[in-house]
Every structure is written in structure tokens, then in C-alpha cells.
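This report covers the fold, the sheet, the nonpolar core and a few local features of the model shown below. The terms are given with their cut-offs as they come up.

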Amino acid sequence: MTPYWYRWNKETDTITGCDKFEPDIFATENRRVAETFIETALGKIRVSTVFLCLDHGYSSSNPDMKPILFETMVFGGHYDQYQDRYHTSAEARFGHEQICKMVRRMGFLNVAWFAKQQLATKIRKKQKTAS
């Protein structure tokens, strides 16, 4: 039978199934893969990647599927609540970096948009004072 709960050992990067729920598996320090804060013109954005402790791919219904046990999520900004899920910690680390790049690109676009808006406001003010 495929386990429902999982435990991840960060030091050895091994995952073991649990027959029953064990409350300590939800301790944040045991679950954090990566966390990045990105400053943008519109505020601070948090990208968080964690071990989920339970299979979000529902592999227990299909034993041929690998469990989905890691998730990256964005908090704030254009991509708020965006998430991606992974089978392994290596995939999760790579995905975290890719999502950080995506957020930074959008942050750059937001800075460019914000600067354009400020310039347009200055031009409108000059036009008003000139007329």
C-alpha cells in the first residue's frame, strides 16, 4: 500500500513513508526547502518552497505514479498565489529558482511601467502649467 504521509530528512535528502500521521512532520524547520524575498516597485514578494508531508498527486490511487511532495508558491505581486509542485527536492530547488527568475522579470517590468507612469505624470503637469 502506498503511504499517505511522508517524512523528509533534509540532511540526507531521503523521503520515507509514514503509516500514520506524526505531528512533528509539520514543523517548519523540517519542511523549508528555500525562501526568497524579492523587492519590486510594487512591494516585497515572497517565494517559498516547502516539503508538503502528504502526496498532493494522490498517488495512493495509482501506485505507478510518483508522489508529489514539494511545492513552490508566490506571495504578493503579479504572480500572487502562483504555485508549482514537484516530485523531488532537486526538482523543487530548480523550480524555486525558475519561479524567482519569473518574478524578478515581472518586477523589472513593473519598475519600467512605474517609471513610465511617473514620466507621463510629469509631462501632464508640465502641459497643464504651460497652458
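Two strands are taken to pair if DSSP finds at least two bridges between them. By that criterion β4 and β5 pair in the antiparallel sense, over six bridges. Helices (H or I, at least four residues) and strands (E, at least two) are DSSP runs, numbered from the N terminus. The model is predicted, so local features need pLDDT of at least 70 and side-chain atom pairs count only at pLDDT 80 or more, while totals for chains, interfaces and linings use all residues. Residues are numbered from 1 along each chain as its sequence is written, and side-chain values use heavy atoms, with hydrogens and water left out.

**Overall layout**

The chain has two helices and six strands. From the N terminus on, the elements run β-β-α-β-β-β-β-α. Of the 131 residues in the chain, 32% are buried. Here buried means under 20% relative accessible area, exposed means over 50%, and partly exposed lies in between (1.4 Å probe, protein chains only). Contact means heavy atoms within 4.5 Å. Among the contacts in the chain with a separation of 6 or more, 39% are between residues 24 or more positions apart.

**The sheet**

Four strands form an open sheet in the order β3-β4-β5-β6, with antiparallel pairing. Its edge strands, β3 (32-40) and β6 (83-86), each pair on one side only. From one strand to the next the twist averages 10 degrees, with axes being lines fitted to C-alpha atoms (for helices over the stretch in contact) and angles running from 0 to 180 degrees between N-to-C directions.

A hairpin joins β3 to β4 through two residues. The antiparallel pairing of β3 with β4 (residues 43-51) runs over eight bridges. Bridge partners in the sheet include the following.

| Residue | Bridge partner | Strand of the partner |
|---|---|---|
| I38 | I45 | β4 |
| E39 | K44 | β4 |
| V47 | V74 | β5 |

K44 also takes part in a contact between a charge and a ring: its charged end sits over the ring of F37, 5.5 Å from the centre. A charge is counted as sitting over a ring if NZ of Lys or CZ of Arg is within 6 Å of the ring centre and within 35 degrees of the ring normal.

**The nonpolar core**

In soluble globular proteins, nonpolar side chains tend to be buried together. A nonpolar core is a set of buried Ala, Val, Leu, Ile, Met, Phe, Trp, Tyr and Cys residues joined through side-chain atoms within 4.5 Å. The largest core has 17 residues, of which V47, F51, F70, V74, I99 and V103 touch the most other members. Two or more residues come from each of β1, β3, β4, β5 and α2 (89-130). The most are given by α2, with five residues.

Leaving aside residues up to four places away in sequence, I99 touches V47, T72, V74, Y82, D84 and Y86.

**Aromatic pairs**

A pair of aromatic rings is described by the distance of the centres and the angle of the planes. Rings of Phe, Tyr and Trp (its six-membered ring) pair if their centres lie within 6.5 Å; planes under 30 degrees apart count as stacked, over 60 as edge-to-face and the rest as tilted. The structure holds four such pairs. One of them, Y79 with Y82, is edge-to-face, at 6.2 Å centre to centre and 70 degrees between the planes. Y79 is partly exposed because its relative accessibility is 23%, and Y82 is likewise partly exposed, at 32%. Elsewhere, ring pairs link W8, F51 and F70 into a cluster.

**I15 and its surroundings**

I15 lies in strand β2 and, at 35% relative accessibility, counts as partly exposed. Its contacts, not counting residues up to four places away in sequence, are Y6, R7, W8, F51, L69 and F70. I15 and L69 are 54 residues apart in sequence and 9.4 Å apart in space, C-alpha to C-alpha.

**Positive phi values**

D13, in the loop between β1 (5-9) and β2 (14-18), has a positive phi near 55 degrees, although the residue is not glycine. D13 is partly exposed, at 37% relative accessibility. C53, in the loop between β4 and β5 (70-75), is another residue other than glycine with a positive phi, near 75 degrees. C53 is buried, with a relative accessible area of 0%.
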